[in-house]
Amino acid sequence: MHPQLSDKRIVCREFIQALDACHASNWARLTGGCNQEKDKLNQCLRKERIERSSRNRANAKEQRMKTERAWRDLHEND
């Protein structure tokens, strides 16, 4: 399954549980019966990753602006 699910257990819990339940049946897992559950989980994880990336990008931009402002203030008296 997905190795990166350790920190995603809260976000996509219902999709993870659905895929685990489907994987309990070896026949369904081996014949592609779990493909819909896997696709839904992948979509959920992708959505969460995109949201996290957007938040990180916004935080980094804010931190960069603070740093530049601090450097500007520091060198203002030179």
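1. Buried residues account for 17% of the 78 residues in the protein. Buried here means under 20% relative accessible area, with a 1.4 Å probe and protein chains only.

2. This is a predicted model: local features need pLDDT of at least 70, side-chain atom pairs count only at pLDDT 80 or more, and totals for chains, interfaces and linings use all residues. Residues are numbered from 1 along each chain as its sequence is written, and side-chain values use heavy atoms, leaving out hydrogens and water.

3. The protein has 3 helices and 0 strands. Helices are DSSP runs of H or I, at least four residues, and strands are runs of E, at least two, numbered from the N terminus.

4. Helix α3 covers residues 35-75. At 1.5 Å a residue, its 41 residues should span 60 Å, and the end C-alpha atoms lie 59 Å apart, which agrees. The expected span is 1.5 Å times one less than the number of residues.

5. Helix α1 (residues 13-23) and α3 have axes that come within 9 Å and cross at roughly 155 degrees. Axes are lines fitted to C-alpha atoms over the stretch in contact, with angles from 0 to 180 degrees between N-to-C directions. The two helices are therefore roughly antiparallel, the term for angles over 145 degrees.

6. Phe15, Ile16, Ala18, Leu19 and Cys22 in α1 meet Glu37, Lys38, Lys40, Leu41 and Cys44 in α3. Contact means heavy atoms within 4.5 Å.

7. Which residues of α3 are buried? They are Leu41, Cys44, Leu45 and Glu48. The buried residues of α3 pack against α1.

Conventions: Angles under 35 degrees count as roughly parallel, over 145 as roughly antiparallel, 65 to 115 as roughly perpendicular and the rest as oblique. Buried means under 20% relative accessible area, exposed over 50%, partly exposed in between (1.4 Å probe, protein chains only).
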